[in-house]
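Subject: Structure handover

Hello,

Here is the structure you asked to take over. Please open it beside this email and follow along; my notes come after it.

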Protein chains: 2
Amino acid sequence: MERDIFDILDERSRRVLNAVVRSYIDRPDPVGSRFVTRKYSFGFSSATIRNIMSDLEEMGFLSQPHTSAGRVPTDKGYRFYVDSLSNEAQSEKIIEVPEEFIQQFSRRLDEFKNDISAMFSEVTNTLSSLSNYVSIVLPPKAENTTFNRIDLIKFKSDQIVAILLTDEGIIHNKVIQADPMLKQEDLNRIADFLNVEFSGHTLDEINNMLMQRMKREKAQWDRLISRAISIYEQAMTFAEGDIFVSGLYDLMDLPEFSDISKLRELSKAIKEKHVIMKLLAELSHSEGVQVLIGTENPVTELKGLSVITSMYKEGSRPMGIIALIGPTRMDYSKAIIMVDTITKCVSRTFED
Amino acid sequence: MERDIFDILDERSRRVLNAVVRSYIDRPDPVGSRFVTRKYSFGFSSATIRNIMSDLEEMGFLSQPHTSAGRVPTDKGYRFYVDSLSNEAQSEKIIEVPEEFIQQFSRRLDEFKNDISAMFSEVTNTLSSLSNYVSIVLPPKAENTTFNRIDLIKFKSDQIVAILLTDEGIIHNKVIQADPMLKQEDLNRIADFLNVEFSGHTLDEINNMLMQRMKREKAQWDRLISRAISIYEQAMTFAEGDIFVSGLYDLMDLPEFSDISKLRELSKAIKEKHVIMKLLAELSHSEGVQVLIGTENPVTELKGLSVITSMYKEGSRPMGIIALIGPTRMDYSKAIIMVDTITKCVSRTFED
DNA sequence: TATTAGCACTCTATGTTGGAGAGTGCTAAC
DNA sequence: GTTAGCACTCTCCAACATAGAGTGCTAATA
C-alpha cells in the first residue's frame, strides 16, 4: 500500500509535492508554480512544474481553492509528506534534539516525582509552549497501575475515607458511605486483609481475578471480609482520571482559527473527555509515534485537525498517552520529534 | 457619594439612562433617541430625549461611537444602572428565582458532598451554562479549613505519604521525603500526636499559634516530636488549590469577542491563577454580591470586562469565592441574581 | 518526446464611488 | 419647556473598475 504511493510518483513529482507541502506549512498561502521554481531551485521552468502540479491535483494530493489560485495540500498530500518524512528520518537528515535539552527536561521532571499531576501539568505546558499546539496528557489508566496499599480512615460517623496508593505513586482518595457501626479497628482489619491479598497486583488483575475469586469463596469468609469487598468496590469507582490539557489559546493565533468555530468544536471535544480519551486510546495501540491527519480522524469534531500521539511506558508496560493536536497544516517534522522526545523523557522518569 | 449621582440626575434623566443601558444590553447597537421614544414610551418627542441624552453624554454616562450614531453606555453609565438596580431591588420588582430551582440545585449539590471538587465543577458548569459568561470558583483557602486528622503512611523506603483530612471533607495528600529509618510505628506515633494537638483548629491557627508554641517548647519534647513538626510542615506546603473555571468558550459567541484578543487576555489572566485569585480575594472582603465594571477593575487584563463576585460561607466563616466574568455589556440584573442564588446554595450545602 | 515561452483567461483582493439610512444638533415656532 | 423641521454627518453596502497572481493551452524548441 505505502509502496504503491511511492511507485505512482516519480522522484520529481515527489520532490515537488513535498516542496508544496513544506512551503504551505511555512506560510498558509496557496503555492504557485512560479514560487516553487524560484524558492526550491529545480532545474525546470514554471510551466513544467505547472504540469506536474496539475497531475498531483488529479491524483488528489493537491487542490485549488479556486481556478487561478495556487495549490494547497489535501489530507492525502500531507499524508504523503508525513510518510516520506519518516522515510527520510531512517536514512538521513533527521533533526536532532540536542542531548542537552533531554538532560535538562528529564532533570526537571525528576523534581516532580513526588507529585505526579504536577508532573503532567509540566509536560503539557512544555509541549504546548514549544509547539504552540494543543497538548494533552492522559495519565496512566488506573487499571494499569499496581496496588501498593489501601488505608481506610473513619471520617464522621457514617463516612470512610479510602486512600489507595499505587507503586507508581499515584494516590486516589475517595469518601465513601458506610455502616456507622464499623469502628476504626474494623477498618484496620479490612485494610490489612486487602493489603495482604492485593499487594503487587495491578488493579486490573484485582478486578478480574482476585475479586471474582473472593466473591465465589465469600461464603467461607466472615462478615468483615464481605464488607471488605464492598468497600473496595466503592473505593474503586473513581471518576475517570483528569486529563491534562494546555495550549488551546495558542491556537487562536493561527490563521486557520480566525474563524473560531473550529476552536469551539475542539474545546467542546476536550470537555467531553471521553471522546478524546477513546480516540487516543485506540490510536496508541501500536508502537512509536502515531499521526492522524484531518479526515483520517474518526472523531467528527477533529476532522479538520491533525493528532499526533505517543505512549509512555514503565519498562514495557504501557501507561498513558501524550498527544499534540494542531491544524492539518501543522509542522509535522517538528511536532513528531517533540512528541517523541517528550514521551521518552516521561518514560525514563517512570523507570527509576 | 452615591446620593450625589442620584441628585445630579432628575427622575427623567435617570429613566432615559436606564432605558439606554437596558436596550444596549439587549442588543449591542448604539441607541438612538427615536428608538428610545418608541420602545420605552416616555411622554416626550425624540427631540427632547435627544437633549437629555446629550446632557447624559456631557456628564459621562453615555458616549457616541461617532457623530451621528446613537449612544452607548460608558462604564459610569453601567455603574449607575447597577446601583439603581439594587435600589429597585430593595423597593420592588426584583426578579425572583423560583424556589423550585433552589431546591433542585441544592439537592444536586448534596449528591456531590463526598467529592468536593466534583461539586465545584458542577457549580461552575451550572453557572456558566445558565449565564453564558465565564464562571470561576475559588475553593476554600486551606487556611480556613479545619484540621480533622492526619495520617502518615510509609511508602517505599524513603518516602512518606501524608494525608490530611479537614472537617469540610477536603483531602490533601502529598508524598514527602523522610528519614528511611522511620518505621510505620514511628509514623503512627507522630500522627497520633499531631491529631491530638491540632484537632478542631483551623490550619491557620495551627500555623500561627500551635506550631510557634511547639517550636518554642521543642527543647522539652523528644526527638520524634521535632520530626513531627518537620513532617507537618512539609505536608502543609501544598500547591495553591486549583481554581475551577468554565464557560470561556461561550464568550466566543458574543459580538464583543469577535476580535478574540480580549478572549486571549482573559484566558491568560486565568492561567496566571494568582492574578485572578488576588483580585477575587480583595474584592470579596465585604458582604454580599460585589460588582466591578470595566475600568473599575484593577487588573489590566480585565479592564474591558465586568466581574461579579460573592463569597460562600460555612455559617459565618468565609470559605471561598464564586465569580462571574463577562463583557461590560453584561446582563447585570440576571447575573447578579444568579451569582447570589448559587452562592447561597453552596453555603447551605456546607452548613449541613 | 520532453520542455518551455508566450498568451489569453479566470478569479481574488483592493480601492473607489455613490446613494440610502440612521441619527444628530440647531433653530424657530408652539 | 417642548417640539417640528431641516441641514448635516457618518456608516454601511453594493456596484464597479483595476491590478496581480496563477492557471491551462498551444506552438515552438532542444
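Strand 4 and strand 5 (residues 159-166) of chain B run antiparallel and are joined by 8 bridges. One pairing to look up is that of Leu152(B), whose bridge partner in strand 5 of chain B is Ala162(B). As a reminder, strands of a sheet pair through backbone hydrogen bonds, and the pairing is either parallel or antiparallel. Please keep in mind that this is a predicted model.

The two strands belong to an open sheet of 3 strands in chain B, with the order 4-5-6 and antiparallel pairing. Which strands form its edges? They are strand 4 (147-155) and strand 6 (171-177) of chain B, each of which pairs on one side only. On average, neighbouring strands of this sheet are turned by 20° against each other, if direction is ignored. Helix 8 of chain B, residues 184-198, lies across strand 4 and strand 5 of that chain. Relative to strand 4 of chain B, helix 8 of chain B runs at about 170°.

Next, the two protein chains.

Helix 4 (46-58) of chain A and helix 4 (46-58) of chain B each supply at least two residues of the surface near DNA strand D. The largest share, 3 residues, comes from helix 4 of chain B.

Which part of DNA strand D faces the protein, in terms of sugar, phosphate and bases? Of its atoms within 4 Å of the protein, 78% belong to sugar or phosphate, and the rest belong to bases. Some individual contacts to phosphate oxygens of DNA strand D are these:

- Thr48(B) places a polar side-chain atom 2.5 Å from a phosphate oxygen.
- Arg71(A) has a side-chain N or O atom 2.9 Å from a phosphate oxygen.
- Ser45(B) has a backbone N or O atom 3.1 Å from a phosphate oxygen.

The other DNA strand is C. It is surrounded by 19 residues, the closest being Arg12(A), Thr48(A), Ser68(A), Ser33(B) and Arg71(B). Sugar and phosphate make up 78% of the atoms of DNA strand C that come within 4 Å of the protein. The surface near DNA strand C has 3 nonpolar, 12 polar and 4 charged residues. Helix 4 of chain A and helix 4 of chain B each supply at least two residues here, and helix 4 of chain A gives the most, with 3 residues.

A polar side-chain atom of Arg71(B) is 3.0 Å from a phosphate oxygen. Arg50(A) has a polar side-chain atom 3.4 Å from a base oxygen. For Ala69(B), a backbone N or O atom lies 3.5 Å from a sugar or linking oxygen.

Regards

Conventions: Residues are numbered from 1 along each chain as its sequence is written. Chains are lettered from A and ligands numbered from 1 in the order in which they are written. This is a predicted model: local features need pLDDT of at least 70, side-chain atom pairs count only at pLDDT 80 or more; totals for chains, interfaces and linings use all residues. Side-chain values use heavy atoms; hydrogens and water are left out. A residue is near a molecule or strand if one of its heavy atoms lies within 4 Å of it. A polar contact is a pair of N or O atoms within 3.5 Å; within protein, one must be able to donate a hydrogen and the other to accept it, and residues adjacent in sequence count only if both atoms are side-chain atoms. Helices (H or I, at least four residues) and strands (E, at least two) are DSSP runs, numbered from the N terminus. Two strands pair if DSSP finds at least two bridges between them. Axes are lines fitted to C-alpha atoms, for helices over the stretch in contact, and angles run from 0 to 180 degrees between N-to-C directions. Contact means heavy atoms within 4.5 Å. Ala, Val, Leu, Ile, Met, Phe, Trp, Tyr, Cys and Pro count as nonpolar, Asp, Glu, Lys and Arg as charged, and the others, Gly among them, as polar.
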